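Good morning, and thank you for coming.

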Amino acid sequence: MTQGSQTPIESITLRGGAGALAGWEVNPPAGTPELGTAVLVPGFTGSKEDFEFMLPLLAAAGYRAVAYDQRGQWQSEGPDDIAGYTMADFVGDLHEVIDQVSPDAPVHLVGHSFGGYVARVAVVETPARFRSFTLLASGPSSVRDINFPPPAMVAQIVEQAGQEAIFQQMSAAMTASGAQIAPTRMEFLHNRILQTKQANILGILKCMEQPPLADPAALRDAGVPLLVAYGDTNDLWAPEVHVKFAEQLQARTAVYPGYGHVPNEDVPDQVSADLVSFWKEQA
């Protein structure tokens, strides 16, 4: 799959703690100065495809861009037991991915939604491995100040009715928001969630029952430059929640007016431009 003639998306296989992780990689076009490596982590029920239109734009700006499906998501391997999907497991995979794609230099890290939960823990654990960190539509937690049912309640629905129940809820939410989703895209979203292991979904919901960091100050104090980027339509976290979070972290912000939880898909050009601007300041 490609976006433009000069920046093809290449499929790669990465090692994770529970098997192979499916990834995508885009390298800068020939003749473009290489400015570093970026790793993008998808969220709950997501995958590398969530960054399909961003990866070539980031590569065109000089950054080798890598995204991957987390364990048990979509095309990545993962255990069938929920016990294999703790926060430590997800974070361990991220550390392994970074060691493989950039063993000798720190990376620019982007975490979307739950991917931002995983990524912030990794940053606190090994800050020297990161040149910057961007929380993309990833608020403080899933237990307060969020328009999301209690994770334990969602898990109960999944246990009773499977992944199809999650897809129907997501479809209803997208319809209610007025989003115009192409039939081919809806088919992909449906197939992806059915192919994602139920243990992955239940494991993530279990992780979401508590904040990823007990104290956000730990992320601030890690010393890695931070960007909080978000849409302002209040479909998960209200804008003021992101603003307060950014203030706590002493992070800069990027806002996408009129867009919601997936600016990476809705306005990939704007998100990519903001990332590139932020990253170049860290050179």
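This is a predicted model: local features need pLDDT of at least 70, side-chain atom pairs count only at pLDDT 80 or more; totals for chains, interfaces and linings use all residues.

How many residues does helix H11 have, and how far does it reach from its first C-alpha to its last? Helix H11, residues 268–281, has 14 residues and reaches 20 Å, close to the 20 Å expected at 1.5 Å a residue. Helices here are DSSP runs of H or I with at least four residues, and strands are runs of E with at least two, numbered from the N terminus. The expected span is 1.5 Å times one less than the number of residues.

Residues are numbered from 1 along each chain as its sequence is written, and side-chain values use heavy atoms, with hydrogens and water left out.

Let me stay with H11. Among its buried residues are Val271, Leu275, Phe278 and Trp279. Buried means under 20% relative accessible area, exposed over 50%, and partly exposed in between, with a 1.4 Å probe and protein chains only. Seen down the axis of H11, the buried residues fall within an arc of 165°, so they line one face of the helix. That arc is taken from the directions from the helix axis to the C-beta atoms.

I turn to salt bridges, defined as a side-chain nitrogen of Lys or Arg within 4 Å of a carboxyl oxygen of Asp or Glu. By this rule there are twelve. Glutamate 281 pairs with arginine 252, their closest N and O atoms being 2.7 Å apart. This pair links helix H11 to strand E8, residues 252–256, across 29 residues. Glutamate 281 is partly exposed at 44%, and arginine 252 is partly exposed at 39%.

Arginine 64 and glutamate 25 also form a salt bridge, at 2.5 Å from N to O. Because arginine 64 lies in strand E4 and glutamate 25 in strand E2, the pair ties together parts 39 residues apart in sequence. Arginine 64 is partly exposed at 21%, whereas glutamate 25 is buried at 9%. Elsewhere, Asp50, Arg185, Arg192 and Glu265 are linked in a network of salt bridges.

To close, I show one further feature of the chain. Glutamate 49 and lysine 48 meet in a salt bridge of 3.3 Å, N to O, and both residues are buried.
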